[in-house]
Structure formats: structure tokens, C-alpha cells
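Please look over the sequence and the structure below, and then follow the paragraphs from one element to the next.

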Amino acid sequence: MYTKIFDEVVSILHEDYAGCIDKKGWDDPDFFRNKINQVAAQDTLNDEKFVEIVRDYLLDFKDLHMSFRNSMNSETTNATYAGFKVRRHRDLLYVVSSEKESRVKPGYVISELDGKRVAELVNVHKRQLMETKAKRENWGAVLSEYKYAKVNDRSGNTFTLELAAYEKEPFVPEYSLHALSESTLFMKLTDFTNHNEISRLIQENTGLLSDRKNLIIDVRVNKGGDDLAYFDLLPFLFDGEVIDLKRFDEGKMLTNCTYRNVELRKRMFHNLIASVDDNATKSQVNAFMKQLDENKGKGFVELGSAGMDESFLLKTRSGPDRVIILTDVYCGSSGDSFVEVCKNSGKVTVIGRPTLGLNDYANLAVMEWENKFELWYPTSKLSIVDEGKGMSGVGIQPDIYIPWNPGHIDKDADLEKAFELIDDKIGGRT
């Protein structure tokens, strides 16, 4: 079973994946196929080990938009969580949050894992970390591979922490809006998955959005979703009468319309339609599915906008005079898109760090096996990738760059800069 599934994964990445041409020859499937067979011969191959091997194989493609998971086994899905999160600054790992591990607190510093200094670990796990800048690295999976950490607390005391494995809590989205002062609103959007909830938030606060002078939008953590989910917000963020979204496109979006991709994408869209109340959104999705069907089997195609032109034209509404968007590397996919679109507005200023930059290869499809294994992979690519202008490893750049440093653990330098720009003397901080 495992070898057959792995061979199908390889087939998808060689034929259906949006980067199949650009990254041809990057992978070594024989190495990982042999590894599966070797583990099977030792009678130690199980679902968890199989997921681990396939994930290792996917690293060959250097695409953070791709993943392989066991949806039926939470232990497999969440095995790489140490109960706290870190961020690297120079040659040290700083604890930035400790949701479940009570023995460390934000501000504690890790200098070694199993006797290896951080500088050495960066080199050992270069393939896994997949970044060239320290602040963009994700150390979650690396931490789970080690048993002991050398830790310094805030008083300078050093101790050895025996690392434990904790099950992650399910992600809880946040779509919120509240007033910081008589002139300033603060909005937080942790993803663009729930169309209905985001639309409801905007509809219920139309009055606030229309009469407040300033709006701060926090997407520093935004796990993406669907671009359509933020369309209701855009009219408040732009001047003029109409927003023509097509004017903001850089290059073409090319969709790999293989038979498998079309069927898998249509399945996802049918599920989306069932969960959305808005008829205009349903119409847009149906029009797109029709285009997919018309181009089935044609390979990479720039899908036209026939029947969808109206979805790219948004009538503006009375909104804040100034909009500030807070960003960081934990904002990706549709979060990338949101920031990129908003940067075209004259009243928007983006503050913080560059976003994750996932959208060179996007529009995911999901292939399932045995009702438990799932491969998530991109089916479309931006033509500017061929010109060397992609966003992978770079992200969407802020207008005002605020480098991350350990001081951010105790104070929100991004929000302070936002207050400085809007000259709003707010006593409380968010």
C-alpha cells in the first residue's frame, strides 16, 4: 500500500504540480522509495513513519505551499510540537510563546539542542528550514527531533530542559474589530477561510468602518484561505469610485489543467459553494469551474475572465482616511495576496516584516488515499516566476520594515510605529 501511494505522489509532482516543469530533476524519488522498502523489510513501517518519509521527499521541491498529512491521526499530524515556539536572532533561539510547556517562558533563550550550538543546527537543518534569513525560519519541526535544550532564563540562570511532545490545540480563527480610540479601529484577521464570518464582521461594523479616521489591520499571523473572503473589506480600503483588481496583476496566472487537477479542484469548489451564503460568490465559483472543465487536459492555461469580469470590479465605500497593515512571515497564501492588493491603495501603509511569500505556486488541490492520507499541492503558477521575479523566500515587502529582535517579546514595536504614523495618543495597547 505505502509504495503504491508514494508512486502516485511522485506521479502528481511530476505531472500535476504547478512547479513540475520549473523543478524537473530537483527530486530523487528512488532514494525515498528505497527507504520505504528498507523500513518495510525491517517490519517498522507504519503510517507515522510513512508520513515522515513522504514529507522528507517533498522538501526536495522547496515549496512551503505543499504538504502531506494523515488526517485521521492527530498524533502524526501534531508530533512536531514542543509546547512552545521560538524565533532565531543571530545564533540563539528565543522563546516567543509557551502555550503548553510551563517550564519555559517568553524571553528565555536556547543556545544548544543535544549539545549542538544553534549555528551548527542551522547548517544541519538547512534543507528543513528552507530560508536564508534567521527571522523567517520555522523551528517547530526541528525542536521535535531533539531530547534536550540548554536554556537561559531571564535572570541568567542556565538549566537543561528535557523536551516533551505536546498535542497541538485546534487552530481557532479570530476575526475581530474594536475601537482603540475615538479615531482608530483595530482589526485582526488570522485567516481568510470563513467567508460568512468575515462578511458578517464587516456588515455589522459598516458604520464604524465608514466614520473612523484610522484603521489598523493585523495580519501578522494569517494562515490564508480564499481571496474571495476579503473582497468585502477592500472597498473600505481604497479611494476613488471603483477598484479594478485586474490592474494589480503582475504577469499571468497559469493553471495546470490536467484531468486530475480539474477534478480535484472542482471537488473543493463544490464544498466551498455548500458553505457560502453569498450568491455572487457562488456565481463566481461556478463560472470558474466551467472554465476548468473547458480547459481539461490542456496543461498550463491562462484562464480567462469570461463571465467573471464583475468580480474584479469593486465599488468603493466610505472608509478610514488612513489604513495601516501589520505583517510578518507568518502571513501567507491569501494573506500574501491581501497585502499585495492593499499595497496598491494610496491610503495604505504596510508595517513589519515581509510576508511568507507562498503564491508563486498556489491554488491548492487535495489528493486523498485510504480516507486518511492527504497530499496538498499547488496547481497554478505566476508567469513572473520565469522572469526571476517570484516571491518565494522573499514575500511581500512592507513599506516600513521593522526588523524582528528579542525586544518584540515584551513590546509591540509594530503597533507603536502605527500609532506614531497616525499620531494617535492611545493610552492602552493591543
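The expected span is 1.5 Å times one less than the number of residues, and helices (H or I, at least four residues) and strands (E, at least two) are DSSP runs numbered from the N terminus. The model is a predicted one, in which local features need pLDDT of at least 70 and side-chain atom pairs count only at pLDDT 80 or more, while totals for chains, interfaces and linings use all residues. Residues are numbered from 1 along each chain as its sequence is written, and side-chain values use heavy atoms, with hydrogens and water left out.

Buried here means under 20% relative accessible area, whereas exposed means over 50% and partly exposed lies in between, with a 1.4 Å probe and protein chains only. The buried residues of H10 are Asn-261, Val-262, Leu-264, Arg-265, Lys-266, Phe-269, Leu-272 and Ile-273. These buried residues pack against several elements, among them helix H8 (195-204), helix H11 (279-294) and strand S20 (373-382), where contact means heavy atoms within 4.5 Å.

Strand S9 (residues 184-189) is mostly covered, with five of its six residues buried. Strand S8 (residues 175-179) runs antiparallel to S9 and is joined to it by five bridges, and a hairpin of four residues links S8 to S9; two strands pair if DSSP finds at least two bridges between them. Strand S10 (residues 214-218), by contrast, runs parallel to S9, again with five bridges. Within these pairings, Ser-176 has Lys-188 of S9 as its bridge partner, and Phe-186 has Ile-216 of S10.

A nonpolar core is a set of buried Ala, Val, Leu, Ile, Met, Phe, Trp, Tyr and Cys residues joined through side-chain atoms within 4.5 Å. The largest such core has 48 residues, of which Ile-217, Leu-234, Leu-237, Ile-325 and Phe-338 touch the most other members. Leaving aside neighbours within four places in sequence, Ile-325 is in contact with residues including Ile-217, Phe-338, Cys-342 and Ile-351. A second, separate core of 33 residues includes Ile-12, Leu-13, Phe-50 and Val-51.

The structure holds zero disulfides, a disulfide being a pair of cysteine sulfur atoms within 2.5 Å. The sulfur of Cys-257 lies 12 Å from the closest cysteine sulfur, in Cys-20, and is therefore too far away for a bond. Cys-257 counts as buried because its relative accessible area is 1%.
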